[in-house]
Amino acid sequence: MTDKVNTAFTSEDPWTPVSPKLVTARRITLALAYVLVVAGIVILVVADRVPTWVPVAVAVAAVVVFEWLWWLIGRRVRSFGYSERGDDLLVTSGIMFRRLVIVPYGRMQLVDVKAGPIDRWFGITTVQLHTAAATTDASIPGLLPDVAADLRDRLARRGEQRSAGL
Amino acid sequence: MPASGSPSSIGDDFGLGFQLPGTGTVDEQGRRRVHPITPLVHGASAMPIGIFIVIVMGIGSGAAFGLAGAALFVVAFVVLPVVVAGWSYLVWRNLWYWFDADGDFRVDSGVVTKQERRVQLSRLQSVDVAQPLIARLFSMAELTVEVAGAEGSKLKLQFLTLEDARALRATILARAAGLRHDTTEAPEAAITAVAPRDLAVSLLLRSSTAFLLLLSIAILTVSFLTGGIGGLLVALVTGGIPILMVVSEFIKYFNFTVSESPDGLRLRFGLAKTEARTVPPGRVQAIEYVEPLLWRRQGWVRVRVNIAGMGGQDRQGNKEETLLLPVGTMDVAHAVVARVFPDVDVEALEWRPAPRRSRRRSFIQWSRLAVAWDDTVLAARSGRVTRRVSVIPHARTQSVRLTQGPWERSLQLASMHVDTTPGPVKVSALHLDASFADQVAHEQVTRALHARAADRSTRWAADEPPDDQA
């Protein structure tokens, strides 16, 4: 796979990017959230309790924020990447707040594959790893279901082979 | 064989050559009852409830005390304790403990519904001796046994004399460890004890306490000068909270004693209820030295610890101890830490500090930010006002993270975190040079891998419970 992952951290092995469908899925979620915002603005207008400039200002701000978030989602999704190495898994993400997690296979306790309703509609899933630490933050969204299942099986197998005590 | 009364010599040793501890009655099969004054202790424990009820009702009814009040008094101080003691007597009559032919610890109990409990010693997690306040007045203690896999269900034996409880605990531990002989309690070598005065002063001088107390004094002064009463109430709250915290921690950690025993580090503490905890060395995940500003003069430091949950306990951490030492000098702290991390010399670590430009990110603590490692552990340093040094052995590394916020990125800095099990200790090396942090993170993963392969310290006892939850 071509290395399209935008990350601050290095890795000798190539990063595997996630599916672009995640972008669409996240943008749809944003649009749905904005339905509420629009409803709020409409209520402000109809109620006619506040001077007219208030809902106008809110609407303008909302549009600006919407555009920015729309663009940001695209960039953020391109920053997700993972890399399966010999003894551990690397997961990277983030544009403003960049993150890299290194999870040794022997420390993996649980591998989850999850998908919310919008993700399911677009046919993508999230793979989440758990170790004994609560702060392990290894979540890979936007994976196609078969890719996710293969990854989970590989991780589970490697995890079992190398499992260490606490 | 006498079925009750004086202890019998034949039924006692099960032909295995040791005595079942206890001064309760013994029956012909060698089963023992707990101490006969147990009903008295339970009855006495019911009295504070009576006092509480009286106070509540008294406040409620005000002046109308008279006959109703006298009746209430009788109920609270006579009827209630007698009823509780009577029930406890029935329980006592039906409570037996012994070791059976297979070597398991058995307890039969139940007045109406009979219950037979069998403790498989190969799955033993912990045995504790504790003295609730009322029991302490009678020199009695209770024994608590926890087994792997049985989530939350503990076996409690109330009450035995303190010596008997300790002896029984030692016997159970010895049998669980595979030694089948008469044994006294695993000998403890005391390492240190925290003097009550030191504990009290240290709690008052903690930064959060001191800050809140100062704040309430300030509010009091302001409200006094301006003549408002709202400030008074606020001051009561901001002043009451730290006082409450100090008092509750003082009660909890009163007479904190650390001793070394073959089972691990043993901690004893408590005013209302003396607790004893054993910390097996293999279960300590990470430790942290904390040195608040106001403790600097005495050279005091606190040692916090992450201890991994044992098999059957839940992740809420309600029984996990978080303190290895509430307060002590640096030497004492090192002595205690050396018992759980034997090959570690924190003073000898070579610190790699954060670069000068980290001053622009964190101008208070930048000069203290550093990371260090040797063959066994990795350590991270931070904090200027409250100094912190956290230490994690390579073998206990869970995952390793690198983070970089926008401010850090503009300065080409990054922070490295070594993840550990839930607990108060976090191992984070902040605002290091970005490529250096990257390098240390990758190296740490390799070190952790080698350390895990070589790690034997989780197998510190002869028997390890089969479901070793990682």
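**Rings and cores in chains A and B**

Okay, let's start with a charge over a ring: in chain B, the charged end of B:Arg33 sits over the ring of B:Trp92, 4.7 Å from the ring centre. There's another arginine to look at, B:Arg31, which lies over the face of B:Trp98 at 5.1 Å from the centre of that ring. Keep in mind that this is a predicted model.

Now the aromatics. Counting over all chains, we have 11 aromatic pairs. Take B:Phe250 and B:Phe254: the ring centres are 5.6 Å apart and the planes make 70 degrees, so that pair is edge-to-face. B:Phe250 comes out at 22% relative accessibility, so we call it partly exposed. Then there's B:Trp295 with B:Trp300, also edge-to-face, at 6.3 Å centre to centre and 90 degrees between the planes. B:Trp295 is buried, at 0% relative accessible area, and B:Trp300 is buried too, at 6%. Over in chain A, A:Tyr34, A:Phe66 and A:Trp70 make up one aromatic cluster.

On to the cores. Which residues have the most contacts inside the largest nonpolar core? That core has 37 residues, and the ones to look for are B:Ile287, B:Tyr289, B:Val303, B:Leu324, B:Phe341 and B:Val391. Its largest share, 5 residues, comes from strand β12 of chain B, residues 300-307. Domain 1 (196-253) and domain 2 (280-457) of chain B each put in at least three residues.

Zoom in on B:Val391: leaving out residues up to four places away in sequence, B:Val391 touches B:Ala286, B:Ile287, B:Phe341, B:Val346, B:Val377, B:Leu378 and B:Ala379.

Last one: a second, separate core has 31 residues, among them A:Ala25, A:Tyr34, A:Tyr82 and A:Val127.

Key. Residues are numbered from 1 along each chain as its sequence is written. Chains are lettered from A and ligands numbered from 1 in the order in which they are written. This is a predicted model: local features need pLDDT of at least 70, side-chain atom pairs count only at pLDDT 80 or more; totals for chains, interfaces and linings use all residues. Side-chain values use heavy atoms; hydrogens and water are left out. Rings of Phe, Tyr and Trp (its six-membered ring) pair if their centres lie within 6.5 Å; planes under 30 degrees apart count as stacked, over 60 as edge-to-face and the rest as tilted. Buried means under 20% relative accessible area, exposed over 50%, partly exposed in between (1.4 Å probe, protein chains only). A charge sits over a ring if NZ of Lys or CZ of Arg is within 6 Å of the ring centre and within 35 degrees of the ring normal. A nonpolar core is a set of buried Ala, Val, Leu, Ile, Met, Phe, Trp, Tyr and Cys residues joined through side-chain atoms within 4.5 Å. Helices (H or I, at least four residues) and strands (E, at least two) are DSSP runs, numbered from the N terminus. Domain bounds come from an automatic or database domain assignment. Contact means heavy atoms within 4.5 Å.
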